[in-house]
Amino acid sequence: MAIMSEADFSQQRTNGIGRFFSIFGRPVVALINNLGAAAIFFFFACVNIFYRKQAREIISQVFYIGAKSTGIVVLVALFTGMVLGLQLYYTLIKFGSEGVLGSAIALSLVRELGPVLTAIVITARAGSAMAAEMGILRISEQIDALYTMRIDPIRYLISPRIAASMISFPFLTAFFDLVGIIGGYLTGVLLLGVNASSYFYRVNYSLEMVDVRGGFIKSFVFAIVVSTICCYQGYFCHMRSDSYGAKSVSLATTSAVVISCVLILIADYVVTSFIM
Amino acid sequence: METPLIEFRKVVKGFNSHTVLDGIDLSIYENQICTISGKSGGGKSVLLKHIIGLIQPDSGEILLEGKPVRNMSKKEWDDYRSKIGYMFQGNALFDSMNVFDNVALPLVQTTNLSRKVIRQKVMNRIEEMALTEAVNKYPSELSGGMQKRVALARTLVTDPKIVLFDEPTTGQDPIRKNVILSMIAHARKRFGFTAVLVSHEVPDVYFISDRIVILWEGRIAFQGAYEEMTKLRGPVVDEFLRSLEGFQDELTGLMSKEMFRSRYSAELSVGKKKSRVSAILFSIDFDSLEKELGHEASLYTLKALAEYTNRYFGTIGGFSARHSRGEILTILPRAELEEAQQLLSAYSEGLQENVLKRIRDVTRRYVGIGCFAISVNAGLTEANVTEEFDEIIQEARKKQQTVATVRCEGGGQSG
């Protein structure tokens, strides 16, 4: 039987440790790299938001990200409010507390569900479009073309989208909250017979400015997260190591949506823990 | 010695351990058209992208007007970039913008010009490129050729001093290719810029180039004028030209220059009885014709002339090739000088009677002009097999005289 030499043993041990670090370390390093790059990307985009020729582009993006997302946000908000009305009514009635239905719906919507669901809906609708658009611009050399024309691609393409998201997300969140409360009214009051005055009194009584402000802070943070991640994924799709061309655009779009949704939930926890 | 406008010194660039540019030394001079040719995937576009800073070299140096790029301040670099226009291989037009907005984009975003001035500049370029009817259309609604013209208009709208063209004729038919090359040559004359072209449309692109660079396996195999290239040929240049030229000149249907040389050598190889042959150099004033008829119609005119020449002399064993844009050299290996003279006279009559009339019909159809002047000159000479092509051409050029003309006299009469 061959006896393992000290050097072989050391080599094997090094290989084992090396493999461990390579399996777990590489993704971590890549993640940190990406986060750093995304932060720098966001910084440059922010710096260029106040460029003098930006207003028209920002308005057009507010129309696309904000105004055109209103329909889907209303629909999701209405059904979310209605489901909340049903679920909370049947839970509260067990304790004889159906009178506080308005409070329960309003607080859960304004504090949590409004900002989070709005961000997820906009990610699905506008965030994916942003990633795909940036990806197509990249692979068809249109971003390079901007550079050759001395137009800063980040200023021209990214800054208006981030600015428009910062404007649109809080407005759409407010809209979501309002429509969600109306949805709760439809099931709670009109369908299940809770007193209408009691419902609105509870909404009014329980909601404080700190809740509304917290919701807006969250939506603002989500706007930054979603727009930065989606634009970043599309803008740098050509640097993906797993694919090229059209495939890289599709994977960048998928990554943009998945990462945005996960980061929305993580950011929600972090911001909530600071606010509470 | 003149300082090059752009100079590469030992530039090396690789991707994923594959070296694309391997120590490139290249000089590009002001107010010249410099064409970079080479195998597909040989790093031509990579080289072009280095000039505008889209790609950085791994090692080596790029100098602009004698100053290394890496020593430039941000302002100097910005100033330099403001002088450059870049036309992408795939046009890189913005699909969501119409033709006007695409062309106007660099002016709107990088200048403080008023809307009125921008509109005027953009419309001028659009009119020059014959795109007036497409001004409100989107790129997806345009043909490939029109998209190229939009890209060219956008590249030239800022009046750049250096224009980089990355395969501007890819995917076009022979006429359209030559129309685009003519537009580039014409624009260069008119606006006076330095052009760097990546193209392998041999020989057409060489006819408009002042300087040719052959990139071969990451290195410069040749740089210099076209005439130098044909004289100082080496194995790489030979292989390159053979691989690109093929058997036929795409535009005219005549032999490629390479085929012409081979045929000439085969017909007149040492050991055969004849050592002297007749050679005729036909020429038209292509530049004047272009001015009068436009790019497309003048190319159709050249094509018709070449087809007739090929058909006429081909039946008696003659063979022809284009020597320059408006010149065709025909060799008659079996005709004595006197016999060749008779053939030329008969050719001229046919040319006058049939071809020039046909040309007039074509131009009337394509550009609505049936009234213009065109002269075909021919110079007949006797060539010795030991003579170089250039000597034969020089000799024939000296003897050139007009053999057919069409002149407009009151509504397109020929005479």
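This is a guided tour of a predicted model, stop by stop.

**Stop 1: chain A**

Which elements do you find? Chain A has nine helices and zero strands. Follow the chain from the N terminus, and the elements read α-α-α-α-α-α-α-α-α. The radius of gyration of chain A is 24 Å, well over the 19 Å given by the globule rule for 276 residues, so chain A is more spread out than a compact globule.

Turn the chain to view its extent. Along the principal axes, its C-alpha atoms fill a box of roughly 80 × 65 × 30 Å. How much of chain A is buried? Buried residues make up 42% of its 276 residues. Now think about contacts along the sequence. Among contacts in chain A with a separation of 6 or more, 86% are between residues 24 or more positions apart.

**Stop 2: where the chains touch**

Show both chains and go to the contact. Chain B brings 13 residues to it, and chain A brings 12 residues. On the chain B side, select α2 (74–82) and α3 (99–110), which each supply at least two residues. Which element of chain B gives the most to this side? It is α3(B), with four residues. Colour the chain B side by class: eight residues are nonpolar, four are polar and one is charged.

**Stop 3**

Where they meet, 10 residues of domain 1 are in contact with nine residues of domain 2. On the domain 1 side, pick out α6 (174–191) and α9 (235–245) of chain B, each supplying at least two residues. The most comes from α6(B), with five residues. By class, the domain 1 side has six nonpolar, two polar and two charged residues.

**Stop 4: a hairpin**

Select residues 211–216 and 219–224 of chain B. These are strands β9 and β10, which run antiparallel and are joined by five bridges. B:Leu215 stands opposite B:Ile220 in β10(B). The two strands form a hairpin with two residues between them. Click on B:Glu217 in the turn: its phi is positive, about 50°.

**Stop 5: a five-stranded sheet**

Strands of a sheet pair through backbone hydrogen bonds, either parallel or antiparallel. Which kind of pairing is here, parallel or antiparallel? The pairing is antiparallel, in an open sheet of chain B with the order β12-β13-β11-β14-β15. Select β12 (319–324) and β15 (401–406): these are the edge strands, and each pairs on one side only. On average, neighbouring strands are turned by 25° against each other, direction ignored.

Zoom in on β11 (276–283) and β13 (327–332) of chain B, which are joined by six bridges. Find B:Leu281; its bridge partner in β13(B) is B:Leu329.

**Last stop: B:Glu382**

Select B:Glu382 in strand β14 of chain B. Is it buried or partly exposed? B:Glu382 counts as partly exposed, with 15 C-beta neighbours inside 10 Å. Show B:Arg276, B:Ser278 and B:Leu337, which B:Glu382 touches when residues up to four places away in sequence are not counted. Finally, draw a distance to B:Ile392. The two C-alpha atoms are separated by 8.1 Å, and the residues are 10 apart along the chain.

Definitions and conventions: Residues numbered from 1 in each chain as written. Chains lettered and ligands numbered in written order. Predicted model: local features only at pLDDT ≥ 70, side-chain atom pairs only at ≥ 80, totals over all residues. Contact = placed C-beta atoms within 7 Å. Nonpolar A, V, L, I, M, F, W, Y, C, P; charged D, E, K, R; others polar. Rg over C-alpha atoms; globule rule 2.2 N^0.38 Å. Buried ≥ 20, exposed ≤ 12 C-beta atoms within 10 Å, placed from the backbone. Pairing = 2+ DSSP bridges. Axes fitted to C-alpha atoms, helices over the stretch in contact; angles between N-to-C directions.
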